[in-house]
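Got your viewer open and your selection tool ready? Let's take a short tour, one stop at a time.

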Amino acid sequence: MAEKVGTLLVEAGRLTQAQLDEAVAYARQSGGSLSSALVALELVTDVEIGAVLSNKYRYPSVDLSRITVEPAVLKRLPAASARKFNVMPLARKGPRLTLAMSDPTNLFASDDARHRAGCTTVDIVVASENAIRESIERHYGAEKALVPVKRTGSGGAESRASLFGDATQELLNPEDLTGFAGLGEIGADAMVEEEVESDLDGDDSIDLAALNQSAEDSSTVSLMNRLLVLSVQRGASDIHIEPYERFFRVRFRVDGVLEEIVRLPNTQRDPLLQRIKIMARLDIAERRLPQGGRFKRKLHLEGRSRELDYRVSVLPTLRGEKAVLRLLDKSKLMLDMRKLGFEPASLERFKAAIARPYGIVLVTGPTGSGKTNTLYSALTALNEKDTNIMTAEDPVEFELEGVNQVQIREAVGLNFASALREFLRQDPNVVLVGEIRDYETAEIAVKAALTGHLVLSTLHTNDAPSTVSRLVNMGIEPFLVGTAVNLIQAQRLVRRICAACKKDVTEQIPKELLVELGFGPEEVPSLKVYEGRGCPACRNTGFKGRVGLYEVMEITDAIRDLVMVGATSVEIQKRALEEGMLTLRMSGLQKIRDGVTTIDEVRRETV
């Protein structure tokens with residue numbers, strides 16, 4: 001951290017390189033920190049150092065010399081922990097702890113303080129190392145000096161205990177020594193590598209309580225485990241690790257929205273990526289090509305044990321490799337179609353389509369719109385003892401009992417088309433194709449549907465009517481599309497309003513906006529609109545969980561006639577609306593009427 005502070009001061013124009021070199025030399029000679037040397041040489045003040053740190057990490061800075069901390073707050077964090085991580089507790093309000101840090105990227109320090117203080121949230125402010133150290137001594141009392149005592153043990157060697165004098169027992173925590181015995185023989189790097197290997201060979205469990213109380217392991221292993229734990233605590237579906245020129249950042253996707261969690265120095269980036277590759281069984285030496293894999297971990301959290309499955313994608317970018325970890329949590333898989341958010345009429349159409357003995361049912365939408373969840377819920381409804389269900393997926397996200405699931409492996413020639421071709425020799429009743437990507441796959445799917453099989457699949461299109469044009473553009477004849485397809489469903493996910501802080505905001509919404517959104521002028525006066533205020537339950541976002549918007553277009557005789565004569569998607573949509581189809585926007589309006597989601601969410605996902 002010392003070198004980092006010096007570099008930041010030079011970059012900010014507060015120091016010259018010559019002044020920094022002078023301070024570094026002074027710190028080495030005096031045995032103090034660089035911050036202390038900079039202040040002692042009157043090159044900068046503690047307040048200026050805090051301001052530079054604040055600008056870098058985007059946390060507010062404080063002048064600790066003007067702050068007096070209440071004894072009740074000091075009791076929340078032991079002096080040993082404050083000195084160990086060089087942090088200073090300033091205030092505690094309910095479940096929130098205000099903590100002064102010189103290095104806000106140190107997740108171990110903030111987690112340790114949060115756990116020991118019994119808080120759920122840490123509000124970070126920044127100050128210089130020197131200012132924090134002085135504040136610790138002013139509030140907790142001066143630390144006993146470590147006076148070397150010249151004593152000789154057997155063979156003339158100085159004993160470790162006597163070297164630290166009487167202060168040893170008080171100042172050295174046994175946890176701090178764990179794992180450091182034998183460093184002289186194997187070196188720090190070997191110890192870290194050994195820790196990683198033993199972690200893979202042994203128990204893969206992560207225990208939150210043990211993480212906070214145990215001795216410091218390899219910093220990379222600990223950082224990785226803490227990110228996994230934090231992602232589960234916040235309900236994240238994805239972890240993004242993104243490289244940039246001066247730092248790399250970690251973002252979580254929570255309820256479909258990316259949130260920046262932390263920015264870390266690039267010195268920690270490569271070890272963290274290597275750790276991810278080792279867990280996912282990827283080639284750690286390959287940095288030029290994309291790679292994909294997966295790993296499992298057991299998580300012990302709040303008295304519960306959960307097995308989590310992570311899908312890993314590593315992609316080379318301009319500044320290094322970017323990794324995305326998607327959490328596949330089976331406990332969150334919604335297999336009851338009645339709870340997905342379907343409007344009653346749309347649900348009846350969908351259930352009727354999958355109940356037919358043959359034909360194609362297509363679910364469309366962008367990545368992350370819940371297509372897999374919908375298809376798995378359909379398979380669960382169809383999964384009977386007398387039904388043979390075959391799936392080809394890339395990747396297989398969740399294992400379903402009673403379903404024959406095949407993982408696509410392009411490298412060995414097992415693609416969707418070849419898998420589907422083999423399925424037809426396996427006497428299936430229901431076939432799921434993860435995605436129709438090309439003409440060959442689409443052609444085989446159509447043939448399967450026309451020869452007595454129910455085929456479920458996905459496509460990436462914006463709405464249900466345009467899916468017909470997409471299939472025709474792929475090379476499928478319009479008469480085959482009209483004959484083979486039973487139903488096309490488009491979907492999106494929007495965030496649910498948090499039930500704990502839901503409030504009526506009807507008076508704040510202009511009537512013109514509601515009409516513009518699609519509500520009829522006659523219903524606007526009686527319409528109720530809700531939003532979330534923000535509370536601890538939803539981490540002050542106003543949202544908790546997601547719900548689906550569904551556009552379900554059944555291929556009726558009238559629509560089939562339009563498809564066969566090459567009608568446009570606009571003409572097909574017009575006819576579907578006449579037959580009672582709800583568009584994605586109409587589904588969103590219904591969710592607003594029901595008080596499930598907000599106007600902004602519907603506008604963000606629909607047109």
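Start by selecting helix α7 and helix α14 (residues 219-233): their axes come within 10 Å of each other and cross at roughly 60°. Axes here are lines fitted to C-alpha atoms, for helices over the stretch in contact, and angles run from 0 to 180 degrees between N-to-C directions. That angle makes α7 oblique to α14, because angles under 35 degrees count as roughly parallel, over 145 as roughly antiparallel, 65 to 115 as roughly perpendicular and the rest as oblique.

Before you go on, a word about the model. It is a predicted one, where local features need pLDDT of at least 70 and side-chain atom pairs count only at pLDDT 80 or more, while totals for chains, interfaces and linings use all residues. Residues are numbered from 1 along each chain as its sequence is written, and side-chain values use heavy atoms, with hydrogens and water left out.

Now show the side chains where the two helices meet. On the α7 side pick L107, F108 and D111; they meet S219, S222, L223, R226 and L227 of α14. Contact means heavy atoms within 4.5 Å. Sorted by class, this contact has 4 nonpolar, 2 polar and 2 charged residues. (Ala, Val, Leu, Ile, Met, Phe, Trp, Tyr, Cys and Pro count as nonpolar, Asp, Glu, Lys and Arg as charged, and the others, Gly among them, as polar.)

Next, select the strands β1, β2 and β3: they form an open sheet in the order β1-β2-β3, with mixed pairing. Helices (H or I, at least four residues) and strands (E, at least two) are DSSP runs, numbered from the N terminus, and two strands pair if DSSP finds at least two bridges between them. At the edges are β1 (87-93) and β3 (121-126), each pairing on one side only. The twist averages 25° from one strand to the next.

Zoom in on β2 (residues 96-101), which pairs with β3 in the parallel sense over 6 bridges. Which residue in β3 is the bridge partner of R96? Look for T121.

Bring α7 (residues 107-117) back: this helix packs on the sheet, touching β1, β2 and β3, and its direction makes about 145° with that of β2.

Inside it, find β14 (residues 430-433) and β15 (residues 454-459), which pair in the parallel sense over 4 bridges. V430 stands opposite L454 in β15.
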